Amino acid sequence: MNVFLFLTFAGIAVACAVNLLVQRHPISSAISLIGVMGSLAVLYLLLGAEFIAAIQVIVYAGAIMVLFVFVIMLLNAGEEERTRRSKLARVLGFPLFAALLSQIVWVVYRPFASGPGVEFGGFVGSTEALGRALFRDYVVPFEVTSVLILVAIVGAVVLARKEIE
Amino acid sequence: MVPLSWYLVLSAVLFALGVAGFLFKRNIITIFMSIELMLNAVNLSFVAFSYHWKQIGGHLFVFFVIVVAAAEAAVGLAIILCVFRNRQTLNVDDLETMKL
């Protein structure tokens with residue numbers, strides 16, 4: 001059952017990610033990215049990260065992607081046109097992609113190929129434990145992120161405002 | 001029983017696809033979405049390692065990554081709005097000078 005769920009949602013995630021690259025219209029890419037995020041949320045649940053799965057759906061697939069779709073609609077972005085300006089990219093693009101992928105897989109696969117696998121319920125990062133760690137051990141980073149968000153709000157407002165003559 | 005390495009390989013595949021999207025796509029919004037895809041791939045690695053070592057720290061890093069991604073999306077999309085207002089294009093090949 002674990003393997004079935006993993007393979008199903010890993011397949012959906014990879015298919016949606018490939019679709020993100022293949023689609024020419026930004027709205028289609030945004031919908032595929034939401035598919036990736038939704039299936040990743042299921043994988044987080046399988047790994048026992050229930051709070052992360054919830055905020056993945058609410059914040060990532062909900063809030064951030066709504067912002068993206070909103071901007072795409074606002075700017076009335078159409079299909080991207082092919083420019084074909086770089087000959088080198090067409091020749092080297094796929095081999096370099098394969099090289100990067102095989103290199104990461106090579107580094108990551110071997111040390112963890114054996115050893116205990118992932119079983120649903122083997123480790124549950126409960127919201128209580130997360131809150132305890134967040135407000136006790138990581139309270140300074142938590143406060144710093146609040147400043148970061150404040151700066152981001154001010155920056156977004158300043159950048160997006162209309163110039164008043 | 002799923003080996004941990006499968007999760008890490010999935011994360012690597014998603015990350016590589018994000019890099020490819022960042023380099024291949026011409027639309028600035030799609031490039032921005034590829035960055036989000038890379039962040040998601042790294043989050044999956046964090047959660048998988050958190051499971052492996054039975055530590056909550058990985059979840060906290062994912063939490064912070066999501067917060068930073070939200071801030072980044074707000075500022076980045078405001079920058080895209082600004083660029084579009086000045087240039088009337090979203091194609092990065094047409095945005096080759098820093099001068100307005």
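Gln88(B) is exposed, with 9 other C-beta atoms within 10 Å (exposed denotes 12 or fewer other C-beta atoms within 10 Å of a residue's own, buried 20 or more, and partly exposed the values in between, with C-beta atoms placed from the backbone). The structure is a predicted model, in which local features need pLDDT of at least 70 and side-chain atom pairs count only at pLDDT 80 or more, whereas totals for chains, interfaces and linings use all residues. Residues are numbered from 1 along each chain as its sequence is written, and chains are lettered from A and ligands numbered from 1 in the order in which they are written.

Gln88(B) lies in the segment after α3 of chain B, and its phi is positive, near 60°, although the residue is not glycine. Lys54(B), in the loop between α2 and α3 of chain B, is another non-glycine residue with a positive phi, of about 55°. Lys54(B) counts as exposed because it has 11 C-beta neighbours inside 10 Å. Most residues other than glycine have a negative phi.

Helices are DSSP runs of H or I of at least four residues, numbered from the N terminus. The axes of α2(B) and α3(B) come within 9 Å and cross at roughly 175° (axes are lines fitted to C-alpha atoms, for helices over the stretch in contact, with angles from 0 to 180 degrees between N-to-C directions). The two helices are therefore roughly antiparallel, a term for angles over 145 degrees. The residues of this contact comprise 13 nonpolar, six polar and one charged (nonpolar: Ala, Val, Leu, Ile, Met, Phe, Trp, Tyr, Cys and Pro; charged: Asp, Glu, Lys and Arg; polar: the others, Gly among them). Contact requires C-beta atoms, placed from the backbone, to lie within 7 Å.

In chain A, helix α3 (residues 50-75) has 26 residues, which at 1.5 Å a residue should span 38 Å; the end C-alpha atoms are 36 Å apart, in agreement (the expected span is 1.5 Å times one less than the number of residues). α3(A) bends by about 30° at Gln56(A), the bend being the angle between axes fitted to the seven residues ending there and the seven starting there. Gln56(A) is among the buried residues of α3(A), which also include Tyr60(A) and Phe68(A). Their cover includes α2 (26-46) of chain A together with α2 (28-52) and α3 (57-87) of chain B.

The contact between the chains takes 69 residues from chain A and 59 residues from chain B. On the side of chain A that touches chain B, α3(A) gives the most, with twelve residues.

Definitions and conventions
Contact = placed C-beta atoms within 7 Å. Parallel < 35°, antiparallel > 145°, perpendicular 65-115°, else oblique.
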